[in-house]
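We will go from stop to stop, selecting a few residues each time.

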Amino acid sequence: MVSLICFSLVSCNCSNEQVKAGSDAVSAKEQPDSIQNNNMNTEKIKLPEEPVVDIVTNLGLIKVRLYSKTPKHRDNFVKLVQEHFYDGLLFHRVINGFMIQSGDPLTRDTSKVAQFGTGGPGYTIPAEFVNQYYHKKGALAAARRGDAANPKKESSGSQFYLVQDENACLQLDGEYTIFGETIEGLDIIDKIAAVPTDAYDRPVKPVVILKMVLEIPETSSDE
């Protein structure tokens, strides 16, 4: 049985422990039109169909490629990166032998630690399940609220996770939208996953996204 990743996370195959996602009572408005309008930014800078984003953390660089077959998630992620939405956010849920999770804007404020895992940009994204994508190591996927509150399995507008252990995460295939993969920095995912955590799977010492940078092909400026 799959539990939820960030607005709910998941259960780890290596144990029977259920990973809690905070509150399922998060307010999330559906804004499919605004998601599709994100294409405006990507067209202006003439990105490739599968753009690359550098996730610069205080423990090293993770480089991810976004999939063309999940355009709503790709374009939304690009938009948030361009707006510096992720800069300064924490990896608020880290489970060694499973995955690492970030993207909650509430993590900028340590006084809201009890709410970590419940924040977002105020909208959800329709699920984009693609059969060829699975929870391999380094897969980039969207967190979401649980099935009871979210029967369409719509994704959080900003929270995401990176798979550290493929075997522990294969149960999530078809339940969470996978929209990219790590092309550099699998060792950094392992490094983050190995940090000491508290009883709520929060790193004892902050693991921070210093910034995210969208890689722009050099040829795009000549067109």
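Select Phe-77, Phe-85, Tyr-86, Phe-91, Phe-160 and Phe-179: ring pairs link them into a cluster. Rings of Phe, Tyr and Trp (its six-membered ring) pair if their centres lie within 6.5 Å; planes under 30 degrees apart count as stacked, over 60 as edge-to-face and the rest as tilted. This is a predicted model, in which local features need pLDDT of at least 70 and side-chain atom pairs count only at pLDDT 80 or more, while totals for chains, interfaces and linings use all residues. Residues are numbered from 1 along each chain as its sequence is written, and side-chain values use heavy atoms, with hydrogens and water left out.

**Ring pairs**

How many aromatic pairs does a search of the whole structure find? The search finds eight. Zoom in on Phe-91 and Phe-160. Their ring centres are 6.4 Å apart and their planes stand at 85 degrees, so the pair is edge-to-face. Phe-91 is in strand S4 and Phe-160 in strand S8, so the pair ties together parts that are 69 residues apart in sequence. Helices (H or I, at least four residues) and strands (E, at least two) are DSSP runs, numbered from the N terminus. Both Phe-91 and Phe-160 are buried. Buried means under 20% relative accessible area, exposed over 50%, partly exposed in between (1.4 Å probe, protein chains only).

Next, select Tyr-161 and Tyr-176. This aromatic pair is also edge-to-face, with 6.0 Å from centre to centre and 90 degrees between the planes. Tyr-161 belongs to strand S8 and Tyr-176 to the loop between helix H4 (166-169) and S9, so the pair ties together parts 15 residues apart in sequence. Both Tyr-161 and Tyr-176 are buried.

**The cores**

Which residues have the most contacts inside the largest nonpolar core? Select Val-53, Phe-77, Tyr-86, Phe-160 and Met-212; the core has 32 residues. A nonpolar core is a set of buried Ala, Val, Leu, Ile, Met, Phe, Trp, Tyr and Cys residues joined through side-chain atoms within 4.5 Å. Apart from it lies another core, of 15 residues, including Tyr-67, Ile-95, Phe-98 and Cys-169.

**Helix H5**

Select residues 186-193, which form helix H5; its buried residues are Ile-188, Ile-189, Ile-192 and Ala-193. They cover an arc of only 140 degrees around the axis, which puts them on the same side of H5. (The arc is that of the directions from the helix axis to the C-beta atoms.) These buried residues pack against strands including S2 (52-57), S3 (60-66) and S9 (178-184).

**Single residues**

Go to Leu-80, in helix H3 (residues 71-82). Leu-80 is buried, with a relative accessible area of 1%. Its contacts (heavy atoms within 4.5 Å) include Tyr-123 and Gly-157. The C-alpha atoms of Leu-80 and Ser-158 are separated by 7.8 Å, yet the two are 78 residues apart along the chain.

Next is Thr-177, in the loop between H4 and S9. Is Thr-177 buried or exposed? At 1% relative accessibility, Thr-177 counts as buried. A polar atom of its side chain lies 3.0 Å from the backbone nitrogen of Glu-128.

Last, find His-84 in the loop between H3 and S4. His-84 is not a glycine, but has a positive phi of about 65 degrees.

Conventions. A polar contact is a pair of N or O atoms within 3.5 Å; within protein, one must be able to donate a hydrogen and the other to accept it, and residues adjacent in sequence count only if both atoms are side-chain atoms. Lists of a residue's contacts leave out its neighbours within four places in sequence.
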